[in-house]
Amino acid sequence: MNALPPQAGSVLEAVLYRGELPRGEVANLLGLTPRHARRIVAALIERGVLVSKGPRDPLHLAFPAILASRWMPGLFPEQVSNDG
């Protein structure tokens, strides 16, 4: 999995604290051009980290299972032991 752009963390933090983030606010939040902001949003949606009902609807945080051990280390076991 390719690394996300460094600015992606600021978008995730804003969505986490606000509950949702209008797409139009991403460029201002990051101090980037709208085009660059769209690329960051697209990368987050592609990886399943953010979701939205439609292309103009607000962004919401998702919780993809593939990132569970990374986002909450120790909460989920990496492997299930058969030792009983």
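Predicted model: local features only at pLDDT ≥ 70, side-chain atom pairs only at ≥ 80, totals over all residues.
Me: What is the average pLDDT of the protein?

Reply: The average is 84, and 73% of the residues score at least 70. Here pLDDT is the predictor's confidence in each residue, from 0 to 100.

Me: In what order do the elements run?

Reply: From the N terminus, the order is α-α-α-β-β-α, which comprises 4 helices and 2 strands.

Me: Turning to H1, which of its residues are buried?

Reply: Helix H1 spans residues 8-18, and its buried residues are Ala8, Val11, Leu12, Ala14 and Val15. Viewed down the axis of H1, these buried residues fall within an arc of 160°, so they line one face of the helix. The arc is taken over the directions from the helix axis to the C-beta atoms.

Me: Why would such spacing put residues on one side?

Reply: An α-helix has 3.6 residues a turn, so residues three or four places apart point the same way.

Me: What does the face of H1 turned away from the buried side carry?

Reply: That face carries the exposed residues Leu16 and Tyr17. Just after H1, Gly19 adopts a positive phi of about 95°.

Me: And what do the buried residues of H1 pack against?

Reply: They pack against helix H2 (26-30), helix H3 (34-46), strand S1 (50-51) and strand S2 (60-61).

Me: How many residues are in the largest nonpolar core?

Reply: This core has 16 residues, and those with the most contacts inside it are Val11, Leu21, Val26, Ile40, Leu44 and Leu50. H1, H2 and H3 are the elements that give two or more residues to this core, and H1 gives the most, with 5 residues. A nonpolar core is a set of buried Ala, Val, Leu, Ile, Met, Phe, Trp, Tyr and Cys residues joined through side-chain atoms within 4.5 Å.

Me: Is Leu44 buried or exposed, and what does it touch?

Reply: Leu44, in helix H3, is buried, because its relative accessible area is 0%. Not counting residues up to four places away in sequence, Leu44 touches Leu4, Ala8, Val11, Leu12, Val49 and Leu50; contact means heavy atoms within 4.5 Å.

Me: Which residues does Leu50 contact?

Reply: With neighbours within four places in sequence set aside, the contacts of Leu50 include Val11, Leu12 and Val15, along with Leu59, His60 and Leu61.

Me: And Leu12? Which residues is Leu12 in contact with?

Reply: On the same exclusion of neighbours within four places, Leu12 contacts Leu44, Val49, Leu50 and Leu61. The C-alpha atoms of Leu12 and His60 are separated by 9.0 Å, although the two residues are 48 apart along the chain.

Me: Change of topic: how many salt bridges does a search of the whole structure find?

Reply: The search finds 1 salt bridge. It joins Glu25 and Arg18, whose closest N and O atoms are 2.6 Å apart. The criterion is a side-chain nitrogen of Lys or Arg within 4 Å of a carboxyl oxygen of Asp or Glu. Glu25 counts as partly exposed because its relative accessibility is 34%, and Arg18 likewise counts as partly exposed, at 48%.

Me: Where is Arg23?

Reply: Arg23 lies in the loop between H1 and H2. At 27% relative accessibility, Arg23 counts as partly exposed. Leaving out residues up to four places away in sequence, Arg23 touches Val41, Ile45, Ser52, Gly54, Pro55, Arg56, Asp57 and Leu59.

Key
Residues numbered from 1 in each chain as written. Heavy atoms only, no water. Buried < 20%, exposed > 50% of the residue type's maximum accessible area, 1.4 Å probe, protein only.
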